Amino acid sequence: GDIAFRFINYVCSVRERQLQQKLKHHQNLSWQEIAESYLEDKFKSLGDSQVVVCDINKEMLKVGKQKAQQLGYSEGLSWVLGNAEELPFDDDKFDVYTIAFGIRNVTRIDLALQEAYRVLKPGGRFLCLEFSHVSNPLFSRLYDLYSFQVIPVLGEVIAGDWKSYQYLVESIRRFPPQEEFMAMIEDAGFLKVDYQNLNLGIVAIHSGFKL
Amino acid sequence: GRARLSHTEPRARDGLFGEEEEEEEEGCYQLYPGHIPTSPLQKALLAAGSAFMALYDPYRHDMVAVLGETTGCLALPNLRDKMKHHPEGYRILQERPRIRLSTLDMARLRGLPDGSLGREYVRFLEDNKVSPDTRMPPKFVDDEELAYVIQRYREVHDLMHTLLGMPTNMLGEVVVKWFEAIQTGLPMCVLGAVFGPVRLSARKLQVLATELLPWAIRSGRNASCILNVYYEQRWEQPVESLREEIGIFPPP
């Protein structure tokens, strides 16, 4: 959802700038004509860009929709209930597929990657943001200490829920490290696969193209 | 504290395995249902966090419970030993009675004569709209018998209210906490007793300081260990007689 909002913001701002550029070149337009061209583009401030937000959990979708409403996003967004291992979309449909902190919770990651490949258009890009592994030994020990000693305590004190946060830090450790995940993405057919570490590897962004 | 790494297969929740697996943490297994083994560092963090949260949001009863469990490492063995060396307390440790709606015969208790422990206990529950089933089960006590001791202490709390004649408002709770602090020595009770009054009005503070506290303290010191009373076998006993037997002075 949040990524969808950022995408929409970006498209809108790019089109704003394009519109401004266009108007700059037409110095002798009347106020009427200027107003009209703004109105026209307001309706299509996104142009043909669309975002589909998909989640397996209805409640998550509900929260996303509420947030979108609160923030004033209305057009270009659709919300679909679906399973990443079996997406309810046709082949070759999307230019970009993004998944943030979601793929860790998928039972068969390989299936999710295959589905991502299937629904992307040729030339489309796969982007995954996920917890990953810290290779620096000292930082890794500090990170482990914080993860296992502090996070479940915070979960208990703030949310009254130790077990969910214990599960969280364990599931992070179970997820394949950067290189292994990169190989899995290549296995699904993606090319030019690469990754970028954030915060020394606590989080990584993996990218691949369907070519 | 040491960094703790899970060396065995972590508990599976995503359906990979057939059933939940017991997890080995800190070298010990789950000692009782609901037990979460914790390292000393985690206990310290929990104690600090729960103390802060309990003061910040008084409706977080679970935090009061966690505070009691994480700080009771000296007081709980003490209480257990007191129970072991007393005939009635010893029987309680053996038989492990639980005070729960499912184990109480509410109709029978309601039918008992006024002034009896059972009748007054039910009256207390109804007047204050509380239930014995809202007591948290222990999670962070690393000894199965001590877990029962703290559970017993929690379930007996409402009977303390009944014996002391104190309602469940802030003032009443503070008075009971003072009594319990002297009786049990649990740091959580001491903290509650000391910091609870912070939320009281000046008028109530005055009543507390001049009448209720001196009586509660005297009673607490005079009374025998309240965990050594098999309350479930004394429902018919008049409250006044039980007070006298334990050593609680009549409330002001």
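**View 1. The second largest pocket of the predicted model, lined by helices of chain B.** In this predicted model, the second largest pocket has a volume of about 1100 Å³, and it is lined by 31 residues, of which Pro58(B), His61(B), Val64(B), Glu173(B) and Lys177(B) lie nearest its centre. Helices α1 (40–56), α2 (61–71), α7, α8 (170–184) and α9 (187–195) of chain B each contribute at least two residues to the lining, and the largest share, five residues, is supplied by α7(B). By residue type, this lining consists of 16 nonpolar, nine polar and six charged residues.

**View 2. Thr162(B) in helix α7 of chain B.** Thr162(B) belongs to the helix that spans residues 144–164 of chain B, and with a relative accessibility of 8% Thr162(B) counts as buried. When neighbours within four places in sequence are set aside, the contacts of Thr162(B) are with Glu120(B), Tyr121(B), Phe124(B) and Arg243(B).

**View 3. The largest pocket.** The volume of the largest pocket is about 2200 Å³, and among the 47 residues that line this pocket, Gly1(A), Cys54(A), Thr98(A), Ile99(A) and Ala100(A) are the closest to its centre. At least two lining residues come from each of α1 (2–25), β1 (51–55), α3 (58–71), β3 (94–100) and β4 of chain A. The lining is made up of 29 nonpolar, 10 polar and eight charged residues.

**View 4. Trp162(A) and its contacts in chains A and B.** Trp162(A) lies in helix α6 (residues 162–174) of chain A and is buried, with a relative accessible area of 3%. Not counting residues up to four places away in sequence, Trp162(A) touches Pro152(A), Val153(A), Gly155(A) and Glu156(A) in chain A, as well as Ile36(B), Thr38(B), Gln42(B), Leu46(B) and Phe140(B) in chain B. Asn136(A), which is 26 residues from Trp162(A) in sequence, is 28 Å from it in space, C-alpha to C-alpha.

**View 5. The buried side of helix α7 of chain A.** In this helix, which runs through residues 178–187, Gln178(A), Phe181(A), Met182(A) and Ile185(A) are buried. These residues lie on the same side of α7(A) because they cover an arc of only 105 degrees around the axis. The buried residues of α7(A) pack against α4 (109–119), β4 (120–131), β5 (191–198) and β6 (203–209) of chain A, and just after the helix Gly189(A) adopts a positive phi of about 110 degrees.

Note on methods:
Residues numbered from 1 in each chain as written. Chains lettered and ligands numbered in written order. Predicted model: local features only at pLDDT ≥ 70, side-chain atom pairs only at ≥ 80, totals over all residues. Heavy atoms only, no water. Buried < 20%, exposed > 50% of the residue type's maximum accessible area, 1.4 Å probe, protein only. Helix = DSSP H or I, 4+ residues; strand = E, 2+ residues; numbered from the N terminus. Arc of directions from axis to C-beta. Contact = heavy atoms within 4.5 Å. 1 Å grid on protein atoms, 1.4 Å probe; cavity = no way out; pocket = protein on both sides within 12 Å on 5 of 7 lines; lining within 4 Å. Points joined across faces, edges and corners; volume = space filled by probe spheres on them. Nonpolar A, V, L, I, M, F, W, Y, C, P; charged D, E, K, R; others polar.
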